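Reader: I have a structure open and would like to go through it. Can we start with the basic terms?

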Amino acid sequence: MKEYRDGILLFDLTKDKVWDKAANDTVGLQSFYEANKYNYLFDERLNATIFTSDSKTTAKELSETLIRNQERKNRGKKFKSLSIILKDYNGVSEVNKVDYKNGIYEKGDNDIIDSIKWKEGISRLISHEDGTVTFVMVEELVQPSPKPLSITRGFVISDYQEALEKEWVAELKNKYPIVMNEKAVQKLFSK
């Protein structure tokens, strides 16, 4: 019964001093995150636009137009925005000749992104079984950076709990130092 009582007491103390504190102490959690945010990094990512067309010819023409447009931009010359270029290719009809999706991608987020070389510029054309053709315009390689607390909250709480527990145990060791009864220890080993 004493062991059971002590176990419940330890559980309740740990709940108050570690688990609940880590979950409810928003200021402490934010401070812990700020001090350790480089432990919670995004991997290298791509800021890219994925283009898909029903026509290989259209996809090839668009990729070449985008390359020329980027060269003009790099030389400081007048260039067109992506929306104007796409308007030229899609016209004003309801059916788009080219669909696109822009985003920041990590490895494993998208099969097409995973299949291209991760470098700035226009990727190769990728033909699909359904007859569509895809290519990617990589705008930039995004270097690893800290994930925001909102995304890593569970991991940060877990690490904060671990830090609180270590701090609590160290505090207890300082407050209640272990004293060895040397005579009793010698007696145990002498038998």
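Author: Helices (H or I, at least four residues) and strands (E, at least two) are DSSP runs, numbered from the N terminus. This is a predicted model: local features need pLDDT of at least 70, side-chain atom pairs count only at pLDDT 80 or more, and totals for chains, interfaces and linings use all residues. Residues are numbered from 1 along each chain as its sequence is written, and side-chain values use heavy atoms, with hydrogens and water left out.

Reader: OK. Which strand is E106 in?

Author: E106 belongs to strand β2, residues 98-106.

Reader: Is E106 buried or exposed?

Author: E106 is buried and has no salt bridge. Buried means under 20% relative accessible area, exposed over 50%, and partly exposed in between, with a 1.4 Å probe and protein chains only. A salt bridge is a side-chain nitrogen of Lys or Arg within 4 Å of a carboxyl oxygen of Asp or Glu. Lys and Arg count as positive, Asp and Glu as negative, and His and the chain ends are not counted. For E106, the nearest side chain of opposite charge is K147, 5.3 Å away.

Reader: What is E106 in contact with, then?

Author: Leaving aside neighbours within four places in sequence, E106 is in contact with F42, D43, E44, R45, D114 and W118. Contact means heavy atoms within 4.5 Å.

Reader: R45 is on that list. Where does R45 lie relative to F42?

Author: R45 lies over the face of F42, at 4.0 Å from the ring centre. A charge sits over a ring if NZ of Lys or CZ of Arg is within 6 Å of the ring centre and within 35 degrees of the ring normal.

Reader: And which residue is the bridge partner of R45 in β5?

Author: That is V142. β1 and β5 pair in the antiparallel sense over nine bridges; two strands pair if DSSP finds at least two bridges between them.

Reader: What else pairs with β5?

Author: Strand β3 (residues 121-122) runs antiparallel to β5, joined by two bridges, and G121 has V138 as its partner there. Strand β4 (residues 126-127) also pairs with β5 in the antiparallel sense, over two bridges, with I126 opposite T134. β4 and β5 form a hairpin with five residues between them, and G131 in the turn has a positive phi of about 95°.

Reader: Why is β5 largely enclosed?

Author: Seven of the 10 residues of β5 are buried, so the rest of the structure largely encloses this strand.

Reader: New topic. How many aromatic pairs are there?

Author: A search of the whole structure finds five. F51 and F135 form one that is stacked, 4.9 Å centre to centre with 20° between the planes. Rings of Phe, Tyr and Trp (its six-membered ring) pair if their centres lie within 6.5 Å; planes under 30 degrees apart count as stacked, over 60 as edge-to-face and the rest as tilted.

Reader: Where are F51 and F135 in the chain?

Author: F51 is in β1 (residues 45-53) and F135 in β5 (residues 133-142), 84 residues apart. Both are buried, and together with Y100 they form one aromatic cluster.

Reader: Last one. Where is P146, and what does P146 touch?

Author: P146 lies in the loop between β5 and α6 (149-175). Not counting residues up to four places away in sequence, P146 touches Y33, K37, Y38, Y40, L41 and F42. P146 and Y38 are 108 residues apart along the chain, and their C-alpha atoms are separated by 5.6 Å. At 24% relative accessibility, P146 counts as partly exposed.
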